[in-house]
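Dear colleague,

Please find the structure below, handed over for your study. My notes on what was found in it follow directly after.

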Amino acid sequence: MFESEASRSNFQHIVSINRRHLNEVMITQAEKSSKVKFFFEHKVRSVDLDKKELIVTFTKEADIRVKGDLVIACDGAYSAVRRSLATQPRFDYSQEYIEHGYIELNILPKNGEGFEDCLVLSEALDACNDDIPKALSLYSESRVKDAHTIIDLAMYNYEELKDLVNHRSYKLRKKLDLFLNRIFSNRWLPLYSMVTFTRMPYHEIVEERKRQDKVAILELRGFSGLK
């Protein structure tokens with residue numbers, strides 16, 4: 001268990017769990033439901049969008065086709081589902097590589113890495129009485145902007161770890177954030193705390209950070225003589 005310095009005053013903490021152990025616990029729990037089936041050693045090769053079927057490869061056997069009311073693709077950077085969607089007219093997406101090539105970027109999203117998407121989707125399904133088309137529409141309306149923003153936050157975290165931590169202005173800003181957080185605990189939250197310990201939408205976090213930046217620049221100039 002790791003405790004954030006910015007959150008010690010209100011007993012917030014971060015729990016780090018081994019991913020393999022977490023997977024085992026989740027699979028064991030899901031297996032208790034008669035509505036859940038697991039298919040190990042199966043690989044999605046492509047999607048037949050006309051027939052609404054997944055084309056799945058299982059070892060050396062012939063491909064099998066799987067139908068479903070909803071497909072949630074979690075197949076990573078080289079997604080076969082995304083590749084199939086990219087063949088459709090007017091489907092547009094972009095992909096960029098950072099200078100170090102592929103690297104896993106973690107900024108410790110609230111409610112566990114990746115789990116907030118599940119939570120928001122679950123809330124949308126509840127709000128729409130499990131009407132999948134309506135729930136997906138609601139999910140997209142509320143989540144797309146935040147999904148784009150989390151990419152920017154992840155890249156900021158990458159730049160922060162790569163370079164910014166060595167800058168004097170960065171260290172001063174960290175101290176200022178902690179100082180103001182202790183005085184105005186409910187009105188001034190560091191970026192890390194907003195991301196990790198609140199349900200504030202990511203795009204609102206960025207706007208709040210911009211507001212803080214304006215205040216911080218004035219304070220740091222007065223404190224250190226920066227121009």
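Asn129, which lies just after α3, takes a positive phi of about 55 degrees. Please bear in mind that this is a predicted model.

Helix α3 itself covers residues 115-127, 13 residues in total. From its first C-alpha to its last it reaches 18 Å, close to the 18 Å expected at 1.5 Å a residue. Its buried residues are Glu116, Val120, Leu121 and Ala124. Seen down the axis of α3, these buried residues fall within an arc of 135 degrees, so they line one face of the helix.

How do α3 and helix α4 pack, and at what angle? Helix α4 is formed by residues 132-162. The two helices pack at an angle of about 130 degrees, and their axes are 8 Å apart. The crossing in which α3 passes α4 is right-handed.

**The aromatic pair**

The structure holds one aromatic pair. Its members are Phe38 and Phe40, and the pair is stacked, with 6.0 Å centre to centre and 10 degrees between the planes. Planes under 30 degrees apart count as stacked. Phe38 is partly exposed, having a relative accessible area of 34%.

Yours sincerely

How values were computed:
Residues numbered from 1 in each chain as written. Predicted model: local features only at pLDDT ≥ 70, side-chain atom pairs only at ≥ 80, totals over all residues. Heavy atoms only, no water. Helix = DSSP H or I, 4+ residues; strand = E, 2+ residues; numbered from the N terminus. Expected span 1.5 Å × (residues − 1). Buried < 20%, exposed > 50% of the residue type's maximum accessible area, 1.4 Å probe, protein only. Arc of directions from axis to C-beta. Phe/Tyr/Trp six-rings, centres within 6.5 Å; stacked < 30°, edge-to-face > 60°. Axes fitted to C-alpha atoms, helices over the stretch in contact; angles between N-to-C directions. Left-handed = near helix turned anticlockwise from the far one by under 90°.
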